[in-house]
Amino acid sequence: MTLLSLENLSVLRGQCPVVDDITLSVQAGELIGLIGPNGAGKTTLMRAALGLVPHRGQSSLTRIPAAQRAKQAAWIPQMREIAWGLSVRDVVGLGRSPYGPVRRDDPKTQAALDQLGLTNFADRIAVQLSGGEQARVLIARALAQDTPIIMADEPTASLDPASQLTTLQTFAQLAAGGHGIMVSLHDLGLAARYCHKLALLHRGRLVAFGPPASVLTPANLRDVFMIDAHFEHTDQGLIFQPLNVIPPAGQKGAE
Amino acid sequence: MRLFPILSILLMLLFCASLLVGHTTASIGDSLSALITGDGPLGTVMQDIRLPRAILAVLVGGTLGLAGAAMQGYLRNPLAEPGLIGISGAASLGAVLSLQTGFAGLFWLALPLSALGMSVLAVLGILVLAGRQGRSLSLILAGIAISALSGAMTSLVLNLSPNPYATAEIVFWMMGSLSDRSFDHVWIALPFCIIGGAMVLSLGPALNALSLGEDTAATMGIHLARTRLTLVIGVAAMIGATTAVAGAVGFVGLVIPHILRRWVGARPSTLMGASALGGAVMILAADLLVRLVLPDRDLKLGVVMAILGAPLFLHLIYKTRADLS
């Protein structure tokens, strides 16, 4: 079942397209990774899909009113912004905002706390937790919003390796439970291992979209990321390790 | 949450004290019966002087506390206060202009109407400057611009004042006071305070959601532009009206949410109601101090608030710094 479809989506900054004519869809049960170098348009694409920035083309989410959209898609921005000394339960409970007055004993809030293993932290002040724990709190907040689609911008940024793995495993479990999930990632190893499909963006354009093995090709890595890498198919999934930066053609000649 | 009943009881006690304290001394029983019957000179004092003064103290303090909590919640900044969007500065300019030109002397409504009129102009200016996007940064910048312009114009009026008496009158008015106010002042401010207060209180869920940032709030169904418009008009109605009748009183909107946040929790929806009660308590107490400490020297409410509020704020900064380190 298609949960999100983007058709010819473009975002212009002045005259310059930062997202350029992108068409893709997210199915229920899919974990989709948006990859690409800095400035490729990953964040802008997701924000446009959610109606947070003006855009051309179509997003199935922006066709519906904002109040309905809040019940269809949850958003986890890269900056882990939590103002004030709100408790973990308060932060997670805010996810229930689209459904009317927030109750502290809302069963969906409790379920989200349980699912992310936060029940014992529920009364702690969220901003006093570690970065990894705060990331889990914000995923639980998105989960409490009870939406079929969850989008996350760089959810593993500034997390230690264990927290990065836990975060991606959580998204994989949520996808297995029927959610459609889109995450932007810089770590191609995590993207290769956990995402069902990757969307490779370069200068605002969708260069490749499909299973990790078909997107992380030597040619794409060279042309888009300017790296070569080691690949290995294991029973843990596709293992990917960047090896070298490939200098631009001009510099190579100079050497 | 036990703080709400405590603040409510404190508010009632201070309200009663405000009715009983003043130049005219009488027993509690005589004062209360005079308040109800309105008979004799004591009846006039109670009904026409002390009752409107106590009601205005509740209105001014309540709206400053509420507006302060709303502004801090909206901007997610504990240093935000109602004056940040420039309405109190604009209302002061309106009042100062009416004093300077003599318009204030034409009829009793002239000064508050001038202040309210200038507040409306300031709101329009802020809305035009802040643009149609619902972001908070543009609102802060617009507020600073309007504040700076109002301050500059007020300085210009003082600078060009033809005689020292007019200057003194303006300076005293700007210090903020609740003395010599009547029910007419209450009737001017009350509708604006009720409407503005209801508008701001309706923003509780939106301000809670904004605790997680503007993008997250927007994706939880919060209409950012509508929230900002409601906040600006609601805060402006309250602050414009109370500045018009009592002058500019500082620190309440800044300090009260700060103090109460550690007692009632950080959720803006809860903090707003508590701050309204807390602000009313603080102004009632400060206005009692004005009458008790130097009853013959016409001590100004704004001065007392600054003297009380500044050290309190310094203490809070010290504590916050200690918590952060």
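A word on the model: it is predicted, so local features need pLDDT of at least 70 and side-chain atom pairs count only at pLDDT 80 or more, while totals for chains, interfaces and linings use all residues. Residues are numbered from 1 along each chain as its sequence is written, and chains are lettered from A and ligands numbered from 1 in the order in which they are written.

Let's start with chain A as a whole. It has 10 helices and 11 strands; these are DSSP runs, H or I of at least four residues for helices and E of at least two for strands, numbered from the N terminus. Its C-alpha trace spans about 65 × 40 × 35 Å along the principal axes. Of its 255 residues, 43% are buried, meaning that 20 or more other C-beta atoms, placed from the backbone, lie within 10 Å of the residue's own.

Now for one strand, β5 of chain A, residues 73-76. What covers its two faces? Both are covered, with A:Ala73 and A:Trp75 buried on one side and A:Ala74 and A:Ile76 buried on the other. β5(A) pairs in the parallel sense with β6(A), residues 149-153, over four bridges; pairing takes at least two DSSP bridges. There, A:Ala73 stands opposite A:Ile149.

Finally, the contact between the chains. It takes 21 residues from chain A and 16 from chain B, where two residues are in contact if their C-beta atoms, placed from the backbone, lie within 7 Å. On the chain B side, α10(B) gives the largest share, four residues.

Conventions. Buried ≥ 20, exposed ≤ 12 C-beta atoms within 10 Å, placed from the backbone.
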